[in-house]
Amino acid sequence: MAEVLVLAEHSADGEVKKVTLELLTAARRLGTPAVVWTGPGAQAAAARLGEYGAEKVYAADSADFTSYVVAPAAELLAQLVASVSPAAVLVAGTTEGKEIAGRLAVKTGSGVLSDAVNVTAGDGGPVAEQPNFGGSITVHSTVKAGTPIIAVRPNAISPEASAGAAAVEAVSFAASDAAKTAVISERVVAEKGERPELTEAQVVVSGGRGTGSADGFAIIEKLADSLGAAVGASRAVTDAGWYPHQFQVGQTGKTVSPQLYVAVGISGAIQHRAGMQTSKTIMAINKDPEAPIFEIADYGIVGDLFTVVPQLIDEIQKH
Ligand code: FAD
């Protein structure tokens, strides 16, 4: 079976991100998974990657990946597409992953299927399932030219272990001058022990305009911490400056697909839904029983969030 390249997402200290295991699970349906690892740490990560079905790890240990923005990773993938002719390339549907996918498609004359929530093998090549128009329709797409490049939404596919061992193969790589134009001058790394990363989290608690102010939004953080959850926000909140923009969920923010999404004081506008409606379970707290968020919620509480949320925290802390 042809190889399916999976671009690994990992932390600076080499910890494999969960989305990489999700990509490996999807890759197994399409062919033989082979991980593409940028920077140091491939050898240490190989066992973990093997547990999820990786048979090979292409390791390109170059400082270019930490010095320059995304372009070196796209060049490395293009180099591997040319040398191993994979059946497909899978990347995480994160901001960086999607940027890499687009650049790779231009370099290889291929098509990109972005924001996939499922991937299956089809007669005409890999089939990606994509929610469109804010999730109101679902399309199944294939790539007709070149090597299919698929950006898979984090948390959309459950990682499934598969016994195996991954052999590490060193790849020599040097970024072109063109790839060195955007330099990383500072990388902000979240400290360990803080909340989980928004797009990786199993549970996300998001707050909306109903929180009333930056001070009012603090109740969202308290609920999130009681659940070990990541914090998200609607655009109304980030535009008002109550919470930083990087936590915005929605069409123009992050896309999340956790096991549990708790929407507090959020009306459920289509642009917000676009970023969260593939969450496995949705719970909404809103004082307006007609709020559109209740149309997609599995559990709903109609009430004032400043009354409901403290009671919820109390109950959670009892268990
Ligand atoms: P509102 O719509 O004002 O809703 C507040 C809710 O809180 C109401 O339902 C109200 O009943 C409830 N509430 C009020 N007080 C309480 C209380 N005390 N207790 C309980 N409930 C209470 N939005 C996003 O979120 N993400 C995006 O990425 C995004 N991208 C956009 C892109 C474009 C091009 C456009 C045009 C818009 C975009 N928006 C996005 C904005 C979107 O249309 C909505 O305006 C926004 O999501 C509304 O945020 P909200 O639900 O917090 O506020």
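Which residues lie nearest the centre of the second largest pocket? The model is predicted, with local features requiring pLDDT of at least 70 and side-chain atom pairs pLDDT 80 or more, while totals for chains, interfaces and linings use all residues. Residues are numbered from 1 along each chain as its sequence is written, and side-chain values use heavy atoms, without hydrogens and water.

Arg209, Ser234, Gly265, Ile266 and Ser267 lie nearest the centre of this pocket, among 27 lining residues. A pocket is an open set of points on a 1 Å grid over the protein atoms alone where a 1.4 Å probe fits, with protein on both sides within 12 Å along at least five of seven lines; lining residues have an atom within 4 Å of a point. Two or more lining residues come from each of helix H7 (235–239), helix H8 (270–273), strand E14 (281–286) and helix H10 (305–318); helices (H or I, at least four residues) and strands (E, at least two) are DSSP runs numbered from the N terminus.

Alanine 291 is in the loop between E14 and helix H9 (293–296). Alanine 291 counts as buried because its relative accessibility is 7%, the cut-off being under 20% relative accessible area (1.4 Å probe, protein chains only). Beyond neighbours within four places in sequence, alanine 291 is in contact with Ser267 and Asn286, where contact means heavy atoms within 4.5 Å.

Elsewhere, three strands form an open antiparallel sheet in the order E6-E7-E8, pairing requiring at least two DSSP bridges between two strands. Strand E7 (residues 125–132) pairs with E8 over five bridges, and glutamate 129 stands opposite histidine 140 in E8.

Technical notes. Buried means under 20% relative accessible area, exposed over 50%, partly exposed in between (1.4 Å probe, protein chains only).
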